[in-house]
Amino acid sequence: MDTILAIMLIATPIVLGLTQGVKQMLVHSLINESRIAFPVSLILGVIVCFMLVLADVTEASYRESLLAGVLSGMSASGLYSGQKALRE
């Protein structure tokens with residue numbers, strides 16, 4: 001459990017920034033950015049967490065990395081929507 005939290009602590013801000021970058025690139029396209037933000041954050045969360053495990057940043061298994069990736073993606077999505085709701 002501690003390794004999953006450690007991976008999430010590292011990955012969540014990275015996923016949040018990457019998701020916002022992807023959304024900014026989609027501003028001028030025909031795709032609605034709000035519909036694609038959640039799946040993109042989940043995919044990026046899994047990719048970032050796998051990369052952290054492959055780089056030996058943590059000693060987690062691939063199963064723990066997958067779980068941490070999904071949780072990081074969901075956390076990044078929730079962090080953005082939460083602060084957006086507070087601003088409005």
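Helices here are DSSP runs of H or I with at least four residues, numbered from the N terminus. M74 lies in one of them, helix α3. The model is predicted, so local features need pLDDT of at least 70 and side-chain atom pairs count only at pLDDT 80 or more, while totals for chains, interfaces and linings use all residues. Residues are numbered from 1 along each chain as its sequence is written, and side-chain values use heavy atoms, leaving out hydrogens and water.

Now for the inside. A nonpolar core is a set of buried Ala, Val, Leu, Ile, Met, Phe, Trp, Tyr and Cys residues joined through side-chain atoms within 4.5 Å. The largest one has 14 residues, and I7, A11 and V48 are among those with the most contacts inside it.

| Helix | Residues |
|---|---|
| α1 | 2–25 |
| α2 | 33–54 |
| α3 | 62–87 |

The biggest giver is α2, with six residues. L52 touches I7, I10, A11, V57 and T58, leaving aside residues up to four places away in sequence; contact means heavy atoms within 4.5 Å.

F38, L66, L67, V70, L71 and M74 make a nonpolar surface patch of about 470 Å². Patch members have over 30% relative accessible area and no salt bridge, with nonpolar side chains joined within 5 Å; such a bridge is a Lys or Arg side-chain nitrogen within 4 Å of an Asp or Glu carboxyl oxygen. Five residues, the largest share of the patch, come from α3. M74 has a relative accessible area of 41%, so it is partly exposed, meaning between buried (under 20%) and exposed (over 50%), with a 1.4 Å probe and protein chains only.

Conventions:
Helix = DSSP H or I, 4+ residues; strand = E, 2+ residues; numbered from the N terminus. Patch = residues over 30% accessible without salt bridge, like charges linked within 9 Å, V, L, I, M, F, W, Y side chains within 5 Å. Areas by Shrake-Rupley, 256 points an atom, 1.4 Å probe, with all protein chains shown as cover.
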